[in-house]
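Here's a quick briefing for anyone opening this structure for the first time. Have a look at the picture, then read on.

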Amino acid sequence: MSSSPRRTGWCTASPSPASPACSTPPEEGASWEAVGHAMAGFELAAQYALEREQFGSPIASFQLVQEKLATMLAELTQIQLLTTRMAELQEQDQLTQAMASLVKMTTARTALAICRQARDMMGGNGLLLEHHVARHLTDMEVVSTYEGTDSIQALIVGRDITGISAFTRKTGG
């Protein structure tokens with residue numbers, strides 16, 4: 001990512017010292033929302049695995065379920081750390097549009113995958129509203145779309161990497 005912050009899309013001139021010149025980029029809010037849905041999906045899947053019995057044992061006792069839970073937790077931890085770093089950069093006024101887009105793209109993709117894995121782990125029960133995973137999965141489909149799909153976020157990051165806009169096919173912007 002380029003080192004100079006580019007403040008496009010979410011900054012406005014500050015009419016008074018009481019209001020900040022730059023608000024939180026929309027991608028930051030969407031990224032935190034994705035983390036929340038991923039956390040919920042993981043927690044619901046872990047609880048379900050402990051409660052659901054198959055062949056006389058909780059499904060949490062099976063190797064494949066434990067591997068899935070471990071992978072989900074690793075992915076969840078990654079996006080929590082990534083989003084926390086984004087917030088730190090925002091506080092330091094060093095967050096660029098490309099950085100925010102990279103985080104939104106990554107958190108949305110990862111959280112959607114975690115929610116899908118949680119739904120899969122629950123089988124048909126994952127579709128029932130009483131288990132809430134289907135709601136988080138559906139909400140993640142929405143989060144993945146607003147403020148730009150991961151494809152649009154990737155184009156913003158790609159422009160930052162190459163200096164060429166795939167939107168206009170022109171250099172420098």
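## The overall picture

Starting at the N terminus, the order of the elements is α-β-β-α-α-α-α. This is a predicted model, where local features need pLDDT of at least 70 and side-chain atom pairs count only at pLDDT 80 or more, while totals for chains, interfaces and linings use all residues. Residues are numbered from 1 along each chain as its sequence is written, and side-chain values use heavy atoms, leaving out hydrogens and water.

**How confident is the prediction?**

- The average pLDDT of the chain is 86, and 84% of the residues score at least 70 (pLDDT is the predictor's confidence in each residue, from 0 to 100).
- Residues 1–22 have a pLDDT below 50, and this stretch makes 37 contacts in the model beyond near neighbours in sequence (contact means heavy atoms within 4.5 Å).
- Where pLDDT is low, the predicted coordinates should not be read in detail.

**What's inside?**

- Of the 173 residues in the chain, 38% are buried (buried is under 20% relative accessible area, exposed is over 50%, and partly exposed is in between, using a 1.4 Å probe and protein chains only).
- The largest nonpolar core has 27 residues, and Ala49, Leu69, Met72, Met121 and Met140 have the most contacts inside it (such a core is a set of buried Ala, Val, Leu, Ile, Met, Phe, Trp, Tyr and Cys residues joined through side-chain atoms within 4.5 Å).
- Helix H1 (26–51), H2, helix H3 (97–121) and H4 each give two or more residues to this core, with H1 supplying the largest share, eight residues.
- A second, separate core has six residues, including Leu89, Met99, Ala100 and Val103.
- Setting aside neighbours within four places in sequence, Met121 touches Ala45, Tyr48, Ala49, Ile59, Val65, Lys68, Leu69 and Met72.
- Among contacts between residues at least 6 apart in sequence, 69% join residues at least 24 apart.

- Thr71 sits in helix H2 (residues 63–91), and counts as partly exposed because its relative accessibility is 32%.
- Thr71 is 43 residues from Ile114 in sequence, yet their C-alpha atoms are 8.9 Å apart in space.
- Thr110 is in helix H3, and is buried because its relative accessible area is 16%.
- Leaving out neighbours within four places in sequence, Thr110 is in contact with Glu75 and Ile79.

- The chain exposes about 9500 Å², with 58% of that supplied by carbon and sulfur atoms (areas come from the Shrake-Rupley method with a 1.4 Å probe, and for residues only the protein chains shown count as cover).
- Ile152 belongs to helix H5 (residues 150–162), and its 35% relative accessibility makes it partly exposed.

**Positive phi in the loops**

- Most residues other than glycine have a negative phi.
- Asp93, in the loop between H2 and H3, has a positive phi near 55°.
- His132, in the loop between H3 and H4, has a positive phi of about 70°.

Notes
Helix = DSSP H or I, 4+ residues; strand = E, 2+ residues; numbered from the N terminus.
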